[in-house]
Structure formats: structure tokens, C-alpha cells
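Subject: Structure handover

Hi,

Here is the structure we talked about. My notes on it follow below.

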Amino acid sequence: MLELAKIRSDKEEVILRLKVKNFHNAEEIVDKIIVLDEQKRKLQKELEEQKAQMNLKSKEIGQFMAQNLKDKAEESKQDVAQIKEKTKELESLLKDKEEELQKTLLIVPNLPHVSVTKGKSAEDNEVVFQSSELPKLTSNSLAHWDLCQKYDIIDFELGNKITGSGFPVYKGKGAKLQRALINFFLDNAYASGFNEMQVPIMVNEQSAIATGQLPDKDSQMYFAPLDNFYLIPTAEVPLTNIYRDEIVKQDSLPLKLCGYTPCFRREAGSYGKDVRGLNRLHQFDKVEIVCIDTPEHSYAQLEFMKEHVASLLQKLELPYRILRLCGGDMSFTSALTFDFETFSAGQNRWLEVSSVSNFETFQSNRLKLRFKNSDGKTQLAHTLNGSALALPRIVATLLENNQTENGIKIPKVLVPYTGFEIIN
RNA sequence: GGAGAGAUGGGUGAGUGGCUGAAACCAACAGUUUGCUAAACUGUCGUACCUCUAACGGGUACCGGGGGUUCGAAUCCCCCUCUCUCCGCCA
């Protein structure tokens, strides 16, 4: 959620940057917020003045009663009754304004960082890095879904039976490969200074609102209505919510967390070849990294996170590229996002395996996550997160790019984790 | 699932109608003392919003959440949520 103070003080800039994100009716909505805010404050002032009077009178009554001056007390009671009617009216008006203001604020996306270009869709993203060599496969090479079947390591049909499409069963070396990757990612995150957490994979409504999944992505999350819990679409939600309603000390920053969780996404509206095999699942595994930092350091931290993610892909010997997302392709909550994609040789296409973002104060404003700065003042912190990494597409690329006549070769760094060098 | 107890500031915990935004202690921070550490002493020590001033300031709200009674609620009443204990069930 944008900070009201920012909208108030830099209205024109806010509108301009919202347009970079292709947010429609930016002027209208911003104007509406400013008017609502003004009206709200006016009402609030009036109401508080009335209440101040009421409090004064009430105290007076107390004193009169103590002195046994019943007449005077009765007189004051009459006064209060009058004031009270007024406050009731003002109260309901104020409540309406506040609700409307809040509702409007919640639908406004985060402002993109000044470096973000407008752009309409994923096609306008800027490639900021690309591995020099892309793998070439022989003509009889297979896509990963065929390889999974050939070596019997991931069974999509079986998942259909147990749950439904998008819930594969990992078997034998396929299951071990999952476990290996999770441990590999966690160990590397730890080496980069991220503190490992094991968190709930269901969250309450408040948590989902605080990190911005609600109300924006309501239909994309699985929901358990009996308890009003949401299955997490990413570990970002529980990890970041650890610090909801917290005021941390500046010298404890940056806070760096990581965690492995399964992730659940309904992916309503997806179809076609994009969802084939491991490309898009309803349940998948991911190691997430989360940072909480000061506004001054958050962009340096973002760079650090990018380097961490890049190092993982390098160690796994996977060809990758880094995209700076344009305004049109960025998420609702993000100020600056870099996507990492690996090149999947069997499908001859790039697959997104990580997204690293700075949310600035957009989440912390909802989370009420603040820090005490060196002046002793509380200030909203910046939150950042990134996948490091999401497993399915890494597995897809690994399988496709490393296929040989004798089987699928496991990257060297993973062998200590898998305990085998080849899937055959 | 059944029965009971509870929810107060960073923590422990007092507070059953006005003198309580909230005692006391601990923690934290600043200072004094000190060869160092420790101890002792002094002071500071919630959050949000509104408003004013150059600045000190003033106001409102918040004692799990919502509603009610009352001139006045942390305190009384109702509803909800959550936590804990015991029993049952169980990984």
C-alpha cells in the first residue's frame, strides 16, 4: 500500500509512475484519494474537538459529584447529551470516509522504481544479462515430460489420480533429485547469510493481506473455508509476516531469512503448452529468500540477492538470462523486479525460475513493519524477496539440457546431495 | 470433540467505574561514579493519527477484536477470535 504522505506531497510524480505500470485512471484515483483524505481529516478534526469537550465535561461531572453538587452535575450531563448526538453523526461519516479511502488505497499498485520503463508486456522486458552459450541438442532429444516417462522419475498421471492435474508424483531418483536441490539451495542460502526458517504453509487472512496477495490475487490461492486459511502461493507470505507489527532496531538490519516450502497456486486461466509437464504446477517446491532492510541499503541488498541467485544457476551449470521487468509486466506489489530464466533446450524456450524484487515500503506499510532509525524515529522498512530457487523448471531444464544417450547427467555440485551421477 | 481458565505496554505483572496511557519490577537507552568489568545512583523509556509553534507543545484513539450500558469503561454486559490447562482422540 502506498504511503498517503507520499501521495499527498508528490501527487504528480505518483501519477506519472503509476502510468509506467499501466495503471488505468491514475489521475482519477489519485485525485479521489486526495479528496477523500482531505474530507476525512476535516471530519476527524471536528470529531476530536467534540470529544475533547465531552471528556472535559465528564471530568467536571465527576468533580461535581464528589463535591455533592448534584444540580451542577445534572446541568453538565445535559450539555454532554447534546454534544454526543453530534459526535455520533460525525463518527459514522468519518467511518464511511475511512473505509472508502482504505478501499481505494488497497487497489493502487506500488510505484515502479525510476529505472523502470513503461512497456506493455513481457516482450518489453530488458535483457540485462545472458549466458554466452546455449546448449544444442541432437535432433532426437526429448522434452522433459518425455524424459520423465522414459526414466520413470516423475509421474503426472499418478498425480492426476491422487489429486488432479498439476500435482505430479516424484519417484525414485526424481524424488531424490528434489530433495537434493532443496538441500543444495538451503545450504547455499545459509552460506550467503540467510537464516533458515521452517514456517506454516497455511496462513490467515491478515497475513495474506499484509504481503499483498489479498485482495489482489484472491482467486489464485487455495482456501480452506472451515478455518479461513489460505495455502501459501510462496514462502514470502509466512516469512515476511514473521515481522508483521514489529518495530526492529536499525542495527539488526538487514534481516535475511530463507525457507523451503511447497507452494500452491490455482493458476486459474492457464492452459496450453505453457502448462505441460513441469512448466506450470498447482503444487511445487521452492526455496525463498527474504530481506528486510533500510531504504538506504535496500537496492544494494537487491543486487546481493541477484548475485546469490546467479551463483546458484552458475553452479548448476545452467544457461540463464536476467531480465529487468518493464512496468507492464511487473507485479502489483513490486517497485523493481529482475526475473531469472533458464534456457530449456528440449523445448527451445526460456523458463522463469526466479523473480527477485524490492517492494520498498509497499508491503511494510501493510505489515506495519518499521525500524527505529538513528534519530530514534520509527520509519517503514523496505522488504525484498526472491526465489532461490523454484524447483520444477530447474528440474525441467536440468533434465533436458543434460540428456545424453546413456542417461541424464547430474551437475557436479549436486552429486554429493543426490548420491548418484546419472539418471538412467 | 468435552470441560475450565485467560488475553493489559519489549517482558513479568498490578489494576473492578472518574485521581489510569495505565503501578511495580525486569529489559533497553542516556548519564554519574569507576583502573577495567560488575554493582550502585539519576534520568529517559508505547503506538498511530490530527493540530499548532522556529521550538517546547496541545488534542483524539488504542489494555485481543467488534458492539452495548453510562455524563464517564482496561474495569460492567453481549458476541467473536485466539491462547493455555485437563479429559478424549491421534501423527
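Phe184 and Phe185 are both buried (under 20% relative accessible area, with exposed over 50% and partly exposed in between; 1.4 Å probe, protein chains only). This is a predicted model: local features need pLDDT of at least 70, side-chain atom pairs count only at pLDDT 80 or more, and totals for chains, interfaces and linings use all residues. Residues are numbered from 1 along each chain as its sequence is written, chains are lettered from A and ligands numbered from 1 in the order written, and side-chain values use heavy atoms, without hydrogens and water.

Aromatic pairs: the whole structure has nine (Phe, Tyr or Trp rings, Trp by its six-membered ring, with centres within 6.5 Å; planes under 30 degrees apart are stacked, over 60 edge-to-face, the rest tilted). Phe167 and Tyr222 form a tilted pair, with ring centres 6.4 Å apart and planes at 55°. This pair ties together parts that are 55 residues apart in sequence. Phe167 is buried at 17% relative accessibility. Tyr222 is partly exposed at 23%. The rings of Phe184 and Phe185 are also tilted, with centres 5.7 Å apart and planes at 55°. Ring pairs join Phe129, Tyr320 and Phe340 in a cluster.

Charges over rings (NZ of Lys or CZ of Arg within 6 Å of the ring centre and within 35 degrees of the ring normal): Lys173 sits over the face of Phe420, 4.7 Å from the ring centre. Lys256 sits over the face of Phe194, at 4.9 Å.

Best wishes

Notes
Helix = DSSP H or I, 4+ residues; strand = E, 2+ residues; numbered from the N terminus.
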